[in-house]
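Take a look at the protein below.

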Amino acid sequence: MLNFVFDKLYQFGIFVGKFLHLRCYFQKIESLNRFCLILFFASLTFSLLTVKLVRHLSYLYEDPLPCVGGNQQIPQNSRSRLAIILRDGKIIPHSPEWAVFFNFFSKITYQQGALRSGEYYFPPSSSFKDILKILRFSPSVLHFLSIPEGLTAIQIKDALNHAPGLKGKEVSFDEGYAFPDTYAFSLNSNRDDLLSRMHTSAERHLAKAWEERDIKTLNGLVDDPFTLLILASLIEKETSIDSERPKIARVFLNRISKNMPLQTDPTIFYALALKGEDVPNKRLTFDHLKIESPYNTYRNKGLPPGPICSPGMSSLEAAAHPADGDDLYFVANGKGGHVFSTTFAQHRQNIQQWHEAINNKKTNDQKSLSKDIRKKLP
């Protein structure tokens with residue numbers, strides 16, 4: 001009996017032990033589940049907040065900014081104050097938090113590339129994404145300097161030395177060796193570098209014209225590229241009509257072959273300019289034609305000693321390929337072009353017609369002015 005009781009007590013003890021063990025086990029699971037549940041909801045809340053924050057930052061990164069934009073220079077080694085530079089240039093808003101956002105976005109996107117110095121154009125209402133893309137990948141803003149055909153070295157030097165956006169010492173060069181064209185350059189480019197491009201272009205175009213010249217026609221009259229350049233500069237100053245350029249080249253060559261002075265007015269203007277003299281209303285007098293100068297083609301036969309301007313390619317080609325004919329004279333026709341002739345008698349008649357055209361124009365202008373005045377009278 002005692003054995004039976006002890007056996008039942010033993011079994012009961014085992015049952016209680018197992019029960020307590022199981023209870024402790026389930027309590028642990030319950031505690032663990034409670035922890036996991038709390039962790040789950042905490043993670044879910046954090047994830048939702050993170051998604052919302054990322055979405056807000058994404059909108060902030062890509063949305064247009066309320067700014068006017070424009071050109072902005074970014075100096076070298078200015079990374080630490082780049083946000084301030086953009087703020088002062090009205091590329092980003094002026095409030096301090098916008099500079100913080102810019103620095104934040106530039107750092108988290110650093111793998112896209114470095115932010116560069118230079119001058120860049122930022123369109124109005126650019127986003128942070130647009131601004132960073134421009135700073136990383138866009139080319140610098142280009143400035144342009146246009147050199148028209150027929151400018152003298154003095155005029156071109158003045159344009160170079162006063163062109164905004166260029167730096168360096170003032171330039172100087174020989175007449176005719178800066179090719180007329182429109183040149184692009186970045187802000188703070190060196191004047192010497194731009195002049196070097198003009199000089200290289202002039203040499204290249206002159207070499208091309210010389211290589212393709214009419215050798216038979218020019219033989220004995222134009223024997224080297226420099227002489228071709230001089231002839232082209234005279235043509236350039238005489239007309240702006242391309243179809244007339246070869247005709248004027250022929251007139252000059254005909255006069256040279258007959259040992260006649262060229263008597264071209266642009267050389268007188270050039271000689272006067274070298275002496276610092278101006279010609280009021282661009283009207284030459286007989287006293288002007290007497291100026292002592294090697295460029296005076298009224299007193300000296302043949303071509304002048306050097307070019308009188310920078311000719312364009314049309315004049316270089318005309319000098320290299322003169323027209324056929326025996327013309328020795330030409331005079332303005334009063335309509336922007338010229339009339340050509342082979343004899344002095346024809347030339348004088350053309351001059352008379354030119355004077356008549358000028359007088360008729362003055363008369364018509366006066367009549368038109370009087371008519372306008374009468375219309376305005378009460």
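The model is predicted. Its protein chain has twelve helices and eight strands. The table gives totals for the chain.

| Feature of the protein chain | Value |
|---|---|
| Residues counted as buried | 36% of 378 residues |
| Contacts joining residues at least 24 apart, among those between residues at least 6 apart in sequence | 60% |
| Accessible surface | about 23700 Å² |
| Part of the accessible surface belonging to carbon and sulfur atoms | 56% |

**Helix 5**

Helix 5 covers residues 153-162. Four of its residues are buried: A153, I156, L160 and N161. Down the helix axis, the buried residues of helix 5 fall within an arc of 130°, so they line one face. The face turned away from that buried side carries I154 and H162, which are exposed.

What covers the buried residues of helix 5? The cover includes two strands, strand 3 (142-146) and strand 4 (166-167). Helix 6 (191-211) is also part of the cover.

**M313**

Now to a single residue. M313 is found in helix 11, which runs over residues 313-320. Is M313 buried or exposed? Its relative accessible area is 17%. Buried means under 20%, so M313 counts as buried.

Which residues does M313 touch, leaving out those up to four places away in sequence? They are F179, H205, K208 and A209. Take A209: along the chain, M313 and A209 are 104 residues apart.

Conventions:
Residues numbered from 1 in each chain as written. Predicted model: local features only at pLDDT ≥ 70, side-chain atom pairs only at ≥ 80, totals over all residues. Heavy atoms only, no water. Buried < 20%, exposed > 50% of the residue type's maximum accessible area, 1.4 Å probe, protein only. Contact = heavy atoms within 4.5 Å. Areas by Shrake-Rupley, 256 points an atom, 1.4 Å probe, with all protein chains shown as cover. Arc of directions from axis to C-beta.
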